[in-house]
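Please open the structure in the viewer and keep the selection panel at hand. The stops below are given in the order in which they may be selected.

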Amino acid sequence: MSLHPTLQPYADAWTHSIEAISELVGPLVEGEWNRRTPCPGWSVRDVVSHVIGLDCEMLGDPRPIHTLPRDLYHVTNDNQRYMEMQVDVRRHHTAPEMTSELEYVIIRRNRQLRNESRDPGTKVRGPLSTELTLEEAMRGHAFNVWVHEQDLRAALGRPGNLDSPGAHIARDALLGALPEVVAGKADAPRSSAIVFDVHGPIEFLRTIRVDIQGRGTLETAPALGPAATFALDWETFVRLACGRVTPDAAADRVKAEGDPELTAAILRNFAVTS
């Protein structure tokens with residue numbers, strides 16, 4: 001195996017999630033591909049198209065030459081336009097076309113991973129002409145594919161894999177975004193602490209400490225007298241952080257204690273992806 005040990009967890013997580021997606025959508029009849037998912041504006045077909053597109057990008061395939069319709073209400077910025085291209089170009093593909101393309105891209109990506117010998121720090125192409133390290137690209141890809149697996153599970157009523165390898169990568173990615181949510185976007189008071197107590201298939205207790213300069217850091221140590229505390233289950237944490245549910249819609253699954261204005265501001269800014 002030539003894959004660098006640092007990259008192996010991301011390859012394993014991608015493999016686990018992409019095989020789950022293939023298993024989920026393989027038996028679907030044509031109408032089920034049009035089911036709405038929690039991902040804003042996207043059907044089951046659209047989510048699978050996006051996943052195929054993500055893997056085509058990882059393979060270095062040229063992007064499709066395609067003009068987007070002007071009436072896509074959920075497309076409002078350059079990043080969304082970039083992502084929508086791979087989706088819209090497949091919007092009229094049939095179920096057999098979708099599953100066959102998915103299987104083909106999985107075969108190609110597995111071959112790529114078997115032969116991957118590059119260093120984790122190697123620079124690769126990212127979205128919108130950005131440049132990432134190979135490690136950043138593979139970590140982000142494993143995270144994205146797991147989140148979209150969960151979108152499909154929600155749409156199809158097939159819950160599962162909330163503690164899979166991809167889930168653990170998602171946990172680390174979402175926790176890494178919390179200091180900016182709390183200290184930056186929600187403007188939590190300086191010299192304060194915010195506690196997140198998450199239970200379920202993945203459990204953790206984390207504190208965001210805001211220093212005198214207003215910078216937030218993630219800590220595992222519990223805080224005495226926190227300015228706010230949030231207790232919620234792992235699935236709700238993911239759905240909020242990924243913009244799949246609004247704070248109002250999830251209010252019955254989140255126990256927030258502390259200053260009401262602060263807790264509202266944190267929940268209002270909780271989504272770090274969409």
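Predicted model: local features only at pLDDT ≥ 70, side-chain atom pairs only at ≥ 80, totals over all residues.

**First stop: helices H1 and H4**

Select residues 8–25, which form helix H1, together with residues 95–114, which form helix H4. The axes of these two helices are 11 Å apart, and the packing angle is about 165 degrees. Since angles over 145 degrees count as roughly antiparallel, H1 and H4 are therefore roughly antiparallel to each other. The crossing of H1 and H4 is left-handed.

Next, display the side chains where the pair meets. H1 contributes Ala 11, Trp 14, Thr 15, Ile 18, Ile 21, Ser 22 and Val 25. From H4 come Thr 99, Leu 102, Glu 103, Ile 106, Arg 109, Asn 110 and Leu 113. Colouring this contact by residue class shows 8 nonpolar, 4 polar and 2 charged residues.

**Second stop: helices H1 and H6**

By class, the contact of H1 with H6 comprises 5 nonpolar and 2 polar residues, with no charged residues.

To see what surrounds Ile 266, set aside its neighbours within four places in sequence and show its remaining contacts: Val 181, Val 182, Ala 186, Ile 194, Phe 196 and Phe 230. A distance may be drawn between the C-alpha atoms of Ile 266 and Val 181: they are separated by 6.6 Å, although the two residues are 85 residues apart along the chain.

Finally, select Arg 244, in the loop that runs between helix H7 (234–241) and strand E7 (254–258). With a relative accessible area of 11%, Arg 244 is buried. Which side chain does the side chain of Arg 244 meet in a polar contact? Select Asp 151: its side chain makes that contact with the side chain of Arg 244, at 2.7 Å.

Note on methods. Residues numbered from 1 in each chain as written. Heavy atoms only, no water. Axes fitted to C-alpha atoms, helices over the stretch in contact; angles between N-to-C directions. Helix = DSSP H or I, 4+ residues; strand = E, 2+ residues; numbered from the N terminus. Parallel < 35°, antiparallel > 145°, perpendicular 65-115°, else oblique. Left-handed = near helix turned anticlockwise from the far one by under 90°. Contact = heavy atoms within 4.5 Å. Nonpolar A, V, L, I, M, F, W, Y, C, P; charged D, E, K, R; others polar. Buried < 20%, exposed > 50% of the residue type's maximum accessible area, 1.4 Å probe, protein only. Polar contact = N/O pair within 3.5 Å; in protein donor to acceptor, adjacent residues only side chain to side chain.
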